Amino acid sequence: MKTEINLPENAFRELKEGEEYKPVMNPRDGYPEVTAWSVIWGVLMAILFSAAAAYLGLKVGQVFEAAIPIAIIAVGVSAAAKRNKALGENVIIQSIGACSGAVVAGAIFTLPAIYILESKLHDPALSASFLQIFVASALGGILGILFLIPFRKYFVKDMHGKYPFPEATATTQVLVSGEKGGSQAKPLLIAGLVGGLYDFIVASLGWWNSEFTSRVTGFGETIAEKTKLVFKIDTGAAIVGLGYIVGLKYAFIICLGSFAVWWFIVPGMSLLFHDTVLNVGGSTATMTVGQMSPEEIFSTYARSIGIGGIAMAGIIGIIKSWGVIKSAVGLAAKEIKGAEKSNNTEVSKNSEATVSADLPYKFIGIASILAVIATFVFLWLGVMNNLLFAIVAILLVTIIAFLFTTVAANAIAIVGSNPVSGMTLMTLILASVVMAAIGMSGSGGMLAALIMGSVVCTALSVAGSFITDLKIGYWLGTTPRKQESWKFLGTLVSAATVGGVMMLLNDTYGFDPSREGHLVAPQANAMAAVIEPMMNGAGAPWALYGIGALIAVVLDRCKIPALAFALGMFIPLQLNVPLLVGGAINWFVTSRSKDEQRNKERGERGTLIASGFIAGGALMGVVSALLKFGGVDLINTVWLENPMSQVCSLIAYILLIAYFIQATKKKA
C-alpha cells in the first residue's frame with residue numbers, strides 16, 4: 001500500500017509571518033524527476049497532443065487545455081508500470097507534454113490567417129513554409145520560457161495563496177491522487193466521472209442544451225430584441241469547478257466586467273446609435289446597431305473595449321511590478337558581467353542541502369539575447385528581406401513579448417484563462433500601424449505582421465502555460481531548473497509537430513470557405529479580418545480601445561483589480577456567470593457551519609470535487625471533439641432549438657450544483 005500523501009494545510013492560503021511552505025516531495029526521500037521514462041513519455045505527450053490540438057482547433061474550432069489530460073495519462077501509465085515514487089516523474093511528463101497546447105494555440109491563432117488571406121486575395125506572396133511556421137513557433141516558445149523564468153519566484157512563492165491558480169490546482173490534485181493509497185483519491189475520481197459524464201452528455205449526445213438564456217421565453221426574446229438585454233450561462237461542469245477554485249472575490253469582479261459590457265454598454269450603444277451604421281476604425285458593418293443582436297454588438301464593438309482594458313490593465317501591472325522586472329533584469333546583467341552571483345537559490349528546510357532553484361540568471365540573460373538575435377535574423381532574412389523593417393519588427397516583438405509575459409502569467413494565476421487572443425490582436429494592430437508607417441504594407445506587410453504576431457502569441461501562450469507548470473512544481477517540490485531545462489525540448493517538439501500538421505491540413509482541406517470540408521480556424525479568421533484592412537489603409541477601433549483603457553485606469557484608482565474586470569469584458573457572458581456560481585458555492589460551503597474546522601474540511605473537499613469536474617470535463621472535451629472530427633454526430637439540432645432543451649439544461653445544472661454542495665458534506 002502506498003504511503004499517504006497529502007498537500008500541506010497551507011498549500012492554498014497565504015502564509016503567516018515566519019511560516020514556510022514545505023512541498024509534498026521531501027528531498028530526503030529521493031524522488032526521481034528527469035529520467036528516460038519521464039522524458040520519453042513527455043515527448044510522446046507533446047507530439048500526440050500537439051497533433052490532436054492542431055487538428056481539432058483548426059477543423060472544429062475547439063482548443064483544449066492539455067495539462068490535465070496529460071497529468072491523468074501520466075498517472076495512469078505510471079500506475080500501470082508500478083513505478084515507485086512516480087510523482088516527480090509525472091510532473092516532468094506533464095511539464096514537457098503541456099507545451100503542446102500552448103505552442104499550438106500560439107500557432108493556430110495567427111499563422112493560418114496567412115493561408116486564409118492567400119485564398120481570399122489570390123496572392124502567391126502570402127504563403128508560409130514549414131520552416132517559417134516551425135521557427136516562428138519555436139522562437140516564440142523559447143522567448144516565452146526565458147522571459148518568464150525571472151518571475152517564477154514572484155508568482156509562485158512571493159504571491160503564494162494570493163492567486164487561486166485554478167488549472168494548476170486541478171492538475172496538482174490529479175497528480176497527488178495518483179500517489180495516494182486506499183480511498184484518498186475517491187472524491188476526485190467520483191467527481192471526475194460525474195463532471196466528465198455530464199459534459200459528455202451535453203457535448204456529444206445533446207440531451208440538453210449547453211446554455212440557459214433569457215431567450216427561453218417569448219418575453220425574454222422580446223427584451224433581447226428591443227433593448228439588447230440578455231442573460232446567458234454555460235451550464236457545463238468544468239466551468240463551475242473552475243469558478244469554485246477561482247473563488248467568490250475574483251469571480252465577482254470578473255462578472256462585474258461582463259455585466260458592465262452586456263447590460264450597460266451593449267444596450268447603451270443600441271440606444272445611442274440605434275439607426276446608425278457604426279463604422280469604427282475601418283470595420284465593415286452593414287447593419288445599423290439597432291438591427292444587430294446583443295451578441296453581434298458585443299463581437300463587433302464592445303469586445304474591443306475589453307481588449308483596450310486588458311492592454312491598459314497589463315500596462316498598469318507592468319508599472320506596478322517594475323521593481324520586480326528591474327530586479328530580474330539587473331541580476332541577469334550583473335551575472336553576465338560577472339559582477340556578482342545571482343541569488344536564485346532557495347534553501348529548503350526539508351534538507352540540509354541548498355537546492356538550486358532556477359536556471360542561472362547568466363544563462364537566462366545570454367540565452368535571451370541569443371534568442372532575440374535569432375528572431376531578428378529570422379525576420380530579416382526569412383520574412384522581410386529588409387534591414388530597417390527587421391530592426392523595427394524585432395524591437396516591437398521583444399518589448400511586447402517581454403512586458404506582456406507578466407500579464408499572461410497574471411491572467412492564468414487569477415482565472416486560469418490566458419487572454420492571449422486579445423493581446424495578440426493588439427500586437428497585430430500595433431505591428432500593422434508601425435510597419436505600414438515605415439513603408440511595409442500590402443501582402444508583404446500582412447505576412448510580416450502575422451509572423452510577428454505568431455512569435456508574440458506563442459511567447460505569451462507558453463509563458464502563461466509555464467507559470468501553471470512552475471506552480472505545480474512548487475506545490476509538489478519539483479526542482480524548478482529541471483522543469484525549465486526540459487521545457488525547451490517540449491517546445492521544439494511541439495513546434496515541429498504543429499508545423500507539419502498545419503501544412504498537412506492546409507493541403508488536405510484548405511481554408512477557402514467555398515471549398516467543401518474547409519478548415520474553420522475561427523481565431524485565425526478573426527486575425528485575418530483585422531489585419532487586411534489595416535494593411536490596406538483602414539484604421540483600428542482606437543476609440544473603443546481608449547474607452548477600455550480609461551475604465552482600467554479608473555478601476556485601478558478605485559483599488560479594484562483591473563485585469564480581472566477587463567477579462568470579464570473580453571470573455572463572453574455565458575462563460576463568466578458560471579465562475580460566479582462556482583465562487584458562490586465556495587463561499588456557501590465554507591461559511592455555513594459555526595465550526596471553523598468543519599468549514600475548512602468542506603472547503604478542501606470542495607477543491608477536490610471542483611478539480612474532478614475540471615479534469616473530467618477537460619478529458620471528455622477531447623473525446624467529444626475527436627468524435628466530431630471523426631464524423632460521429634449524435635446531437636439532434638432540432639431538439640436543441642426547442643426552448644425546453646434550455647429548461648432541461650437549467651434543471652440538470654441545479655442538480656449538478658446540489659450534488660456538488662452535498663458531496664462536500666461527506667467525510668472521506
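User: Before reading the fold, what counts as a contact here?

Analyst: Contact means heavy atoms within 4.5 Å. Keep in mind that this is a predicted model. Now apply the cut-off to the chain. Take contacts between residues at least 6 apart in sequence: 82% of them join residues at least 24 apart.

User: What is the secondary structure of the protein chain?

Analyst: The chain comes to 26 helices and four strands.

User: How much of the protein chain is buried?

Analyst: Of its 668 residues, 57% are buried. The cut-off for that label is under 20% relative accessible area. As for the surface, the chain exposes about 26,400 Å². Carbon and sulfur atoms supply 64% of that area.

User: Show me one residue in detail. Where does Thr406 lie, and is Thr406 buried or exposed?

Analyst: Thr406 sits in helix H16, which covers residues 387-415. Its relative accessible area is 5%, so Thr406 is buried.

User: Which residues is Thr406 in contact with, leaving aside its neighbours within four places in sequence?

Analyst: Thr406 is in contact with Phe151, Phe155 and Ile318. Thr406 and Gly314 are 92 residues apart along the chain, and their C-alpha atoms are separated by 8.0 Å.

User: Which residue forms a salt bridge with Arg215, with the closest N and O atoms 3.5 Å apart?

Analyst: That partner is Glu221. Arg215 is partly exposed, with a relative accessible area of 21%. Glu221 is partly exposed too, at 35%.

User: And what is the N to O distance in the salt bridge of Arg215 and Glu295?

Analyst: It is 2.8 Å. Look at where the two ends lie. Arg215 is in the loop between strand S1 (211-213) and helix H10 (218-227), while Glu295 is in helix H13 (residues 294-320), so the pair ties together parts that are 80 residues apart in sequence. Glu295 counts as partly exposed, at 21% relative accessibility.

User: Which residues do salt bridges that share partners join into one network?

Analyst: The network holds Arg215, Glu221, Lys232 and Glu295.

User: Now the surface. Which residues form a negative surface patch?

Analyst: Asp595, Glu596, Glu601 and Glu604 form it. Take Glu601 as the example. Glu601 lies in helix H24, residues 596-629. Its relative accessibility is 36%, so Glu601 counts as partly exposed. Patch residues need over 30% relative accessible area and no salt bridge.

User: Arg602 lies in helix H24 as well. Is Arg602 buried or exposed?

Analyst: Arg602 counts as buried, because its relative accessibility is 6%.

User: What is Arg602 in contact with, leaving aside its neighbours within four places in sequence?

Analyst: Arg602 is in contact with Tyr244, Val589, Arg592, Ile661, Thr664 and Lys665.

Note on methods: Residues numbered from 1 in each chain as written. Predicted model: local features only at pLDDT ≥ 70, side-chain atom pairs only at ≥ 80, totals over all residues. Heavy atoms only, no water. Patch = residues over 30% accessible without salt bridge, like charges linked within 9 Å, V, L, I, M, F, W, Y side chains within 5 Å. Areas by Shrake-Rupley, 256 points an atom, 1.4 Å probe, with all protein chains shown as cover. Salt bridge = Lys/Arg side-chain N within 4 Å of Asp/Glu carboxyl O. Lys, Arg positive; Asp, Glu negative; His and termini not counted. Charge placed at Lys NZ, Arg CZ, Asp CG, Glu CD. Helix = DSSP H or I, 4+ residues; strand = E, 2+ residues; numbered from the N terminus. Buried < 20%, exposed > 50% of the residue type's maximum accessible area, 1.4 Å probe, protein only.
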